[in-house]
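Here is a short briefing on one protein model. Keep the structure open as you read.

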Amino acid sequence: MPHLPDIETEADVAAVVHAFYRDMEADPTLGTYFAGLDWQAHLPKMISFWSSVVFQTGAYRGRPFDPHARMPGLERRHFAHWVERFHGTVDALFAGPRADVMKGRAEQIAGVFQVKLGLWPTLDAEAA
């Protein structure tokens, strides 16, 4: 198994972002949410977002949850698939502390979004 480098530059982050979204519209679970997306506008935002996460630059200014709040029919399975796809993309290209930060943050974001959307079961619901 070849040794993979860690994420070191914004170009590395861009490689992850482009690989992750490549053929996203054809994804049987997530594709409909990305159909017709303005990729020329979306990809630079995602690169800025993930660069801010990985390198803690604070360069990203935006509210990433808001577009997700307007997506009808999102379920926990969508987020699970998104995280699985994201992990697979990062793992195919990079390995190391920054790659781990990127994957861990993706899990946290998916969890927070699910809580905000009311998709995460509460302790009360589990006890019932």
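Gly-118 lies in the loop between helix 6 (97-116) and helix 7 (123-127). Helices here are DSSP runs (H or I, at least four residues), numbered from the N terminus. The model is predicted: local features need pLDDT of at least 70, side-chain atom pairs count only at pLDDT 80 or more, and totals for chains, interfaces and linings use all residues. Residues are numbered from 1 along each chain as its sequence is written, and side-chain values use heavy atoms, with hydrogens and water left out.

**Gly-118**
- Gly-118 counts as exposed, because its relative accessibility is 60%. Buried means under 20% relative accessible area, exposed over 50%, and partly exposed in between (1.4 Å probe, protein chains only).
- From C-alpha to C-alpha, Gly-118 and Ala-92 are 32 Å apart in space. In sequence they are 26 residues apart.

**Helix 1 and helix 3**
- The axes of helix 1 (residues 10-21) and helix 3 (residues 39-55) come within 9 Å and cross at roughly 130°. Axes are lines fitted to C-alpha atoms, for helices over the stretch in contact, and angles run from 0 to 180 degrees between N-to-C directions.
- The two helices, helix 1 and helix 3, are therefore oblique to each other. Angles under 35 degrees count as roughly parallel, over 145 as roughly antiparallel, 65 to 115 as roughly perpendicular, and the rest as oblique.
- Residues making the contact include Val-13 and Val-17 of helix 1, and Leu-43 and Ser-51 of helix 3. Contact means heavy atoms within 4.5 Å.

**Ser-51**
- Ser-51 sits in helix 3. With 4% relative accessibility, Ser-51 counts as buried.
- Beyond its neighbours within four places in sequence, Ser-51 is in contact with Glu-10, Val-13, Gln-56 and Thr-57.

**Arg-85**
- Arg-85 is part of helix 5 (residues 76-93). Its relative accessible area is 18%, so Arg-85 is buried.
- The Arg-85 side chain reaches the backbone oxygen of Arg-22 at 2.9 Å.
- Neighbours within four places in sequence aside, the contacts of Arg-85 include Tyr-21, Arg-22 and Asp-23.

**Positive phi in two loops**
- Most residues other than glycine have a negative phi.
- Asp-23 has a phi near 60°, a positive value. Asp-23 is in the loop between helix 1 and helix 2 (31-34), and counts as exposed at 58% relative accessibility.
- Gln-56 has a positive phi of about 50°, although it is not a glycine. Gln-56 is in the loop between helix 3 and helix 4 (65-69), and is exposed, with a relative accessible area of 71%.

How values were computed. A polar contact is a pair of N or O atoms within 3.5 Å; within protein, one must be able to donate a hydrogen and the other to accept it, and residues adjacent in sequence count only if both atoms are side-chain atoms.
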